[in-house]
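Okay, hi everyone, thanks for making time.

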Amino acid sequence: MEDNSISKKWFVAIVTPNTERACAARLMTIHPNVEAYVPVQVEMRRWQSKKSLQQVERVLCPCYLFVRCTERERKDIKSDKTCSFILHFMKDRSRHDSFGNSMFAEVPDRQMLAFIRMVEDQREVVLAKRIFSRGTKVRVIHGTLKGVEGVLIRNAKSDSQVISVRIDHVGFASMTICPDEVEIIE
């Protein structure tokens, strides 16, 4: 059986906006045994002030730095004062340790390697937000509506979806909401 403290895993570090590449380079300099990956895509952009197209690099996952290391190395990075550019590591709210604390999110190797291959293929990669199917029970997790529970009643083609809240004896109240603002409830 594999010892989790010595096997390398992909973790997701959260860094400040527009510093992803610099953070990756700095992390690998400070901790040479750690691998850091920032998915970058080259695209053509035209600004209103300029007539010509310009080639720019766009970070696909803003504020995310994918870090391949052991659990021990992850703890060392987080406690290392020279790595303060890493704000925190993403947690997986669906997994808990023996004390009931959320565990750190781990991206399986096969998913990460497939993602890296897709980015390196140089075709456009589009990251889809969570898409829920009609009838999915959800709870709002951000903003002034935090804690409100409802049911998804319509899948929209845009970045937002419609959530409905039942009001007994009256009917339903519905509103458009971003999928990032809700979580699935059982």
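Let's start with contacts, meaning heavy atoms within 4.5 Å. If you take the contacts between residues at least 6 apart in sequence, 55% of them join residues at least 24 apart.

Quick note on what you're looking at: this is a predicted model, where local features need pLDDT of at least 70 and side-chain atom pairs count only at pLDDT 80 or more, while totals for chains, interfaces and linings use all residues. Residues are numbered from 1 along each chain as its sequence is written, and side-chain values use heavy atoms, with hydrogens and water left out.

Now the overall picture. We've got three helices and 14 strands; those are DSSP runs, helices being H or I with at least four residues and strands being E with at least two, numbered from the N terminus. The protein has 186 residues, and 32% of them count as buried. Buried here is under 20% relative accessible area, exposed is over 50%, and partly exposed is in between, using a 1.4 Å probe and protein chains only.

Side chains of opposite charge can pair when their charged atoms come close. We call it a salt bridge when a side-chain nitrogen of Lys or Arg is within 4 Å of a carboxyl oxygen of Asp or Glu.

Take Glu 43 and Arg 58, whose side chains meet at 2.8 Å, N to O. Is Glu 43 buried or exposed? Buried, at 17% relative accessibility, whereas Arg 58 is partly exposed at 27%.

Next, Glu 106 and Arg 95 form a salt bridge at 3.8 Å, N to O. Glu 106 belongs to strand 9 (residues 106–107) and Arg 95 to strand 7 (residues 91–96), so the pair connects parts eleven residues apart in sequence. Both residues also belong to a salt-bridge network with Lys 9 and Asp 92. Glu 106 is partly exposed at 32%, and Arg 95 is partly exposed at 26%.

Last one: Arg 139 and Glu 183 meet in a salt bridge at 2.9 Å, N to O. This pair links distant parts of the chain, with Arg 139 in strand 10 (residues 137–140) and Glu 183 in strand 14 (residues 182–184), 44 residues apart. Arg 139 is partly exposed at 27%, as is Glu 183 at 23%.
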